[in-house]
Amino acid sequence: QVELVESGGGLVQAGGSLRLSCAASGRTFSTYVMGWFRQTPGKEREFVAAIGRSGTNTVYAESVRGRFTISRDNAKNTVYLQLNSLKPEDTAVYYCAASDSTYFSGSYLADTKKFGHWGQGTQVTVSS
């Protein structure tokens, strides 16, 4: 079992940056594939990025590739999402998630059902 707590959200102007953090409890953090998703009211939760257990492999949604960077520090039980060149359409609640998946691909991990553990979310608001 792992518990996830996100932080770092806030209000930022378009073009600005934020760094989200997700702290995980437990000593098994390095055994999970980690992901970030986002959701706006009335819409389904949308895949943003995922990172493999060692941090070597990453995958991104097309809408954020080149602007967002996912990373992890297994010694600190933390996964990060650096958000650069933010746009108003990036406004959403951002969720951290952990997966037991042994298969790593963007199309596979874009499915929320592949992630069994979720944080409570952190709001990111980008003003125009």
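Is S85 buried, exposed or partly exposed? S85 is partly exposed, with a relative accessible area of 41%, where buried means under 20% relative accessible area, exposed means over 50%, and partly exposed lies in between (1.4 Å probe, protein chains only). The structure is a predicted model, in which local features need pLDDT of at least 70 and side-chain atom pairs count only at pLDDT 80 or more, whereas totals for chains, interfaces and linings use all residues. Residues are numbered from 1 along each chain as its sequence is written, and side-chain values use heavy atoms, with hydrogens and water left out.

**The open sheet**

- An open sheet is formed by 4 strands in the order β1-β3-β8-β7, with antiparallel pairing; strands (E, at least two residues) are DSSP runs numbered from the N terminus, and two of them pair if DSSP finds at least two bridges between them.
- The edges are taken by β1 (4–7) and β7 (68–73), each of which has a single partner strand, so one side of each is left without a neighbour in the sheet.
- From one strand to the next, the twist averages 15 degrees, with axes being lines fitted to C-alpha atoms and angles running from 0 to 180 degrees between N-to-C directions.

**Strand β1 and its partner**

- Strand β1 is joined to β3 (residues 18–24) by 4 bridges, and the two run antiparallel.
- Within this pairing, L4 stands opposite A24 in β3, while the bridge partner of V5 in β3 is A23.
- The covered face of β1 carries L4 and E6, and its uncovered face carries V5 and S7.

**Strand β3 and its link to β8**

- Of the 7 residues of β3, 5 are buried, so this strand is largely enclosed by the rest of the structure.
- Strand β3 is also connected by 6 bridges to β8 (residues 78–83), again in an antiparallel arrangement, and there S21 has Y80 as its bridge partner in β8.

**The disulfide**

- A search of the whole structure finds 1 disulfide, the term being used for a pair of cysteine sulfur atoms within 2.5 Å.
- The disulfide is formed by C22 and C96, whose sulfur atoms are 2.1 Å apart, and it links distant parts of the chain, with C22 in strand β3 and C96 in strand β9, 74 residues apart.
- The torsion about the S-S bond of C22 and C96 is about -75 degrees, so the disulfide is left-handed.
- Both C22 and C96 are buried.

**Backbone with positive phi**

- Most residues other than glycine have a negative phi.
- N77, although not a glycine, has a positive phi of about 55 degrees; N77 is placed in the loop between β7 and β8 and is buried, with a relative accessible area of 18%.
- S85 is likewise not a glycine and has a positive phi of about 50 degrees, and its place is in the loop between β8 and β9 (92–99).
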